[in-house]
Amino acid sequence: MDERISLWDRIWILWNIGLKVLRGGIARLFLKEVKGWFLVGRHVQITHGRHISCGKMVKFEDYAEIHGLCTDGLAFGDYVTISRGVMIRPSSYYGKDCGAGLVMGEHSSIGPYGYVGCSGKIIIGKNVMFGPGCSLFAENHVFKDTEDTIKSQGVVREGIVIEDDCWIGGSCTILDGVRIGKGSVIGAGTLVSKDIPAGSIVVDKRIQNIRERT
């Protein structure tokens, strides 16, 4: 711990961690699998826990919402962090349109107030960092028939893959069918609507500026 942190601050940090461990100890009773310490913040909502698996030292921070109902489950690797206010939703709350689910590799994190719509399968590799307010949408509405309502035409789900060691800046939006290659950096506010080659830096909202990471 940083030597500049006062004794009282250290005591508060340890107290807060202790409460998260206590909450995690209760929550783990309702999950499919938890392999190690599990930390849960205040006002966290976890539903359909029998579809959720966690490695060691997984953290669900305050006000996160993890909805587990899906066909393939939600799997969080070791040291994954789901930050404050993040919403993970593979399916509707009432069991309609059951989605696929999510896999997150070890040491990956989703920043505060992100949205993960994993109706189609979302795979996030190891050491992936998301800034605040990112959104992932792994499905797309069908709207070809102009004589029928968009809602009645259903959806397509291709899924999203984000490979290892990527940094996704704050407020990015990643759409269905996208693969982001290993070691890529996506600038804040970018709309990612097509595949990104490995080692790229993307800084334009419409992906007109892609260059090699050197």
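Analyst: Below we go through the overall build, then the core, the salt bridges and a surface patch.

Analyst: Please keep in mind that this is a predicted model, in which local features need pLDDT of at least 70 and side-chain atom pairs count only at pLDDT 80 or more, while totals for chains, interfaces and linings use all residues. Residues are numbered from 1 along each chain as its sequence is written, and side-chain values use heavy atoms, with hydrogens and water left out.

User: OK, how many helices and strands are there in the protein?

Analyst: The protein has one helix and 25 strands, where helices (H or I, at least four residues) and strands (E, at least two) are DSSP runs numbered from the N terminus. Its radius of gyration is 18 Å, close to the 17 Å that the globule rule gives for 214 residues, so the protein is as compact as a globular protein of that length. That radius is taken over C-alpha atoms, and the globule rule is 2.2 Å times the number of residues to the power 0.38.

User: And what box do the C-alpha atoms fill?

Analyst: Taken along the principal axes, the box is roughly 65 × 45 × 25 Å.

User: What share of the residues counts as buried?

Analyst: Of the 214 residues, 43% count as buried; buried means under 20% relative accessible area, exposed means over 50%, and partly exposed lies in between (1.4 Å probe, protein chains only).

User: Which residues have the most contacts inside the largest nonpolar core?

Analyst: They are F76, I82, I88, L102, F130, I174 and I180, in a core of 43 residues. Such a core is a set of buried Ala, Val, Leu, Ile, Met, Phe, Trp, Tyr and Cys residues joined through side-chain atoms within 4.5 Å. Among the elements that give two or more residues to this core are β2 (38–40), β4 (52–54) and β10 (101–104).

User: What does F130 touch, leaving aside its neighbours within four places in sequence?

Analyst: F130 is then in contact (heavy atoms within 4.5 Å) with S109, I110, G111, I124, L136, I162, I168 and I174.

User: Switching topic, how many salt bridges does the structure hold?

Analyst: The structure holds six salt bridges, each being a side-chain nitrogen of Lys or Arg within 4 Å of a carboxyl oxygen of Asp or Glu. One of them joins the side chains of R84 and D62 (3.5 Å, N to O). R84 lies in the loop between β8 (81–82) and β9 (87–88), and D62 in the loop between β5 (58–60) and β6 (65–67), so the pair ties together parts that are 22 residues apart in sequence.

User: Are those two buried or exposed?

Analyst: R84 is partly exposed, with a relative accessible area of 33%, whereas D62 is buried, at 13%. R42, D62 and R84 are also linked in a network of salt bridges.

User: Where else do side chains meet in a salt bridge?

Analyst: Those of R179 and E163 do (2.8 Å, N to O). R179 lies in strand β21 (residues 179–180) and E163 in the loop between β18 (160–162) and β19 (167–168), so this pair ties together parts that are 16 residues apart in sequence. R179 is partly exposed at 40% relative accessible area, and E163 is partly exposed at 26%.

User: Last one: which residues make the nonpolar surface patch?

Analyst: L22, I26, L29 and F30 make that patch, which covers about 450 Å². Patches are made of residues with over 30% relative accessible area and no salt bridge, like charges being joined within 9 Å and nonpolar side chains (Val, Leu, Ile, Met, Phe, Trp, Tyr) within 5 Å. Accessible areas come from the Shrake-Rupley method with a 1.4 Å probe, and for residues only the protein chains shown count as cover. L22 is found in helix α1 (residues 7–27) and counts as exposed, at 55% relative accessibility.
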